[in-house]
Amino acid sequence: MFTLSFSGFILLVLTFFVAGIIDAAAGGGGLLTLPVFMLTGFPVHMIAGTNMASTVAGATASVIRYSKNKKIYWQTALVAGVLSLAGSYFGSKLNIMIPEKYLQYIMIVILPVAAIVIFAKKNIGDENNVEMLSMTAKMVFAVVFGFLMGVYEGFYGAGAGTFMIFGFVLLNKLDLVTASGNSRVMAVFSSIGTTVTFALEGLVYWPVVLWVTAGYIGGSCLGSGLALKKGARFIKPVFAVVLLLLFLRLVTQCLRQGLKHL
């Protein structure tokens, strides 16, 4: 029977607090929480389920805060969120059939491009131009983007929240703050769906969830507050750090896979 040490418990609570700040503003908090789970000796088969279950309440808290400040574009957020649930099922099935390394190679190319697009255009994400799009264009975007992001989450998952924000800014023409709010709506859908799936298999360690959730809620409230107050000036640097961490993770994984075949 696994027992988490007191120091491991404190480390996880603090980690989820920081991850909550990151997720609420730019997504990608899992890049921090998943390695720390492994560092504490947590059972590998229970990490994914416990991690997702710990984020449900915090993501919901972020949605409430963004919504109160009218920084969620519900027309596309809800549709994309529902479709992401369906996509996650197909993504998990795809994971069984196709090795992750092929997606990793593609993303190593995509990530620098995403960074260039976000930071080369100084004004991108500063204004909300969603009403320039027709209703048909908005719905097509929400359906296709929501489904594809669900597939990505089910297949790989790392940095999903960051890609959600990127898509809402680039394709849905939202400002960065509203895009962050929309990504939190999608996160609620995906985290609930994933949590239920893992919980039914007995792969959620609830004693940890009940405590680290408090840290994640605190971080989510702080992160969403900073995003709402400072806007793109706060989100863009956090976004850059997340992209860098994801890029380094992918390169490291690809190098390890290459060395195994030598």
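A nonpolar core is a set of buried Ala, Val, Leu, Ile, Met, Phe, Trp, Tyr and Cys residues joined through side-chain atoms within 4.5 Å. With that term in hand, let us turn to the structure, which is a predicted model.

The largest nonpolar core has 50 residues, and M149, Y152, F168 and L246 touch the most other members. Several helices each supply at least two residues of this core, among them helix 1 (6-26), helix 7 (135-155) and helix 11 (232-260). Helix 11 gives the largest share, nine residues. As for M149, its contacts include A160, F163, M164 and M186, leaving aside residues up to four places away in sequence. There is also a second, separate core of 14 residues, and F16, A19, F37 and Y216 are included in it.

Just after helix 10, G231 takes a positive phi of about 65°.

What, finally, does a search of the whole structure find in the way of cavities of 30 Å³ or more? The search finds one. The largest cavity holds about 40 Å³ of space, and its lining consists of I22, G28, L31, L32, V241, V242 and L245. Helix 2 (30-39) and helix 11 each supply at least two of the lining residues.

Key
Residues numbered from 1 in each chain as written. Predicted model: local features only at pLDDT ≥ 70, side-chain atom pairs only at ≥ 80, totals over all residues. Heavy atoms only, no water. Buried < 20%, exposed > 50% of the residue type's maximum accessible area, 1.4 Å probe, protein only. Helix = DSSP H or I, 4+ residues; strand = E, 2+ residues; numbered from the N terminus. Contact = heavy atoms within 4.5 Å. 1 Å grid on protein atoms, 1.4 Å probe; cavity = no way out; pocket = protein on both sides within 12 Å on 5 of 7 lines; lining within 4 Å. Points joined across faces, edges and corners; volume = space filled by probe spheres on them.
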